[in-house]
Amino acid sequence: MWAYEKKLQYPVRVSKCDPLMAKFLMEQYGGADGELAAALRYLNQRYTIPDKVVGLLTDIGTEEFAHLEMIATMVYKLTKDATPAQMKAAGLGDHYAAHDSALFYTNAAGVPWTASYIAAKGDPIADLYEDIAAEEKARATYQWLIDMTDDVDLQDSLKYLREREIVHSLRFREAVEILKDKQDQRIYF
Amino acid sequence: MSHVLDEAYYKQLHDLQAVDFVLVELNLYLDTHPGDEAAIAQYNQFAELRKRIAEQFESQYGPLMNFGHSLSRAPWQWKEAPWPWQV
Ligand SMILES: [Fe+2]
């Protein structure tokens, strides 16, 4: 089962109401390389991957939910004081019409999250390469997001998330090596 | 809803987040380096420290966890704000 802790993994502060930035951040909420996709991708792959890397997938998948809560907090804080006119001006008129200022799992363009964003091939190397690619794409997205805001408080939290993607990618690469060693043993001994 | 809390709250929360960061990092590292005994010793040492910091935080600001992982005073404290996105 999962346990919930009543705190963020890392502080999220914003220095202004900015619904346009909130719209861009939704890419990491309900987008293809976002935190929801990441958490569900890794946790789902666990059941058929070799025992040696189940722990890693469990832990990174769980950490992604903590990141999802940080992104939600950013979107919430950036939009909570926005008027309908401000939401509309930021391109969130369609969102507001359907959801008011409730969060929803869409990407920055308003497209709802779909399971086709994630893969589970059942082949451990194929799945881990998918995970490495996902981390690199998420890292790149965080960089674009950092480049699009001048809010230094928000940038600080986004930089933290960008660094986590780098660590996750590194760990997944190590997991590939661990499984490759095992494969070689099977072939040569 | 947003909640204004005293400086000590943010300081203690930050201390907890800092020690938890060390633990997450060591945990993921150990998942792929399970034979590193020095890292395991460090992990256990920080886990003990974490327990003390969390207990201190909870005694002042209420339970961090539900489902029996934290104790409650009366009335039931778990459902009290602030929630993480409100601070
Ligand atoms: Fe990640």
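User: Taking contact to mean heavy atoms within 4.5 Å, what share of the contacts in chain A with a separation of 6 or more comes from residues 24 or more positions apart?

Analyst: The model is a predicted one, and its chain A holds 8 helices and 0 strands. Among the contacts in this chain with a separation of 6 or more, the share that comes from residues 24 or more positions apart is 78%.

User: Which residue of chain B forms an edge-to-face aromatic pair with Tyr4(A), and why does the pair join two chains?

Analyst: Over all chains the count of aromatic pairs is 12. In one of them the ring centres are 6.4 Å apart and the planes stand at 85 degrees, which is over the 60 degrees required for edge-to-face. Because Tyr4(A) lies in the segment before helix 1 (19-25) of chain A, while its partner lies in the segment after helix 2 (37-61) of chain B, the pair joins two chains. The partner of Tyr4(A) is Trp78(B).

User: Is Trp78(B) buried or partly exposed?

Analyst: Tyr4(A), at a relative accessible area of 28%, is partly exposed. For Trp78(B) the relative accessibility is 11%, and since buried means under 20%, Trp78(B) counts as buried.

Key: Residues are numbered from 1 along each chain as its sequence is written. Chains are lettered from A and ligands numbered from 1 in the order in which they are written. This is a predicted model: local features need pLDDT of at least 70, side-chain atom pairs count only at pLDDT 80 or more; totals for chains, interfaces and linings use all residues. Side-chain values use heavy atoms; hydrogens and water are left out. Helices (H or I, at least four residues) and strands (E, at least two) are DSSP runs, numbered from the N terminus. Contact means heavy atoms within 4.5 Å. Rings of Phe, Tyr and Trp (its six-membered ring) pair if their centres lie within 6.5 Å; planes under 30 degrees apart count as stacked, over 60 as edge-to-face and the rest as tilted. Buried means under 20% relative accessible area, exposed over 50%, partly exposed in between (1.4 Å probe, protein chains only).
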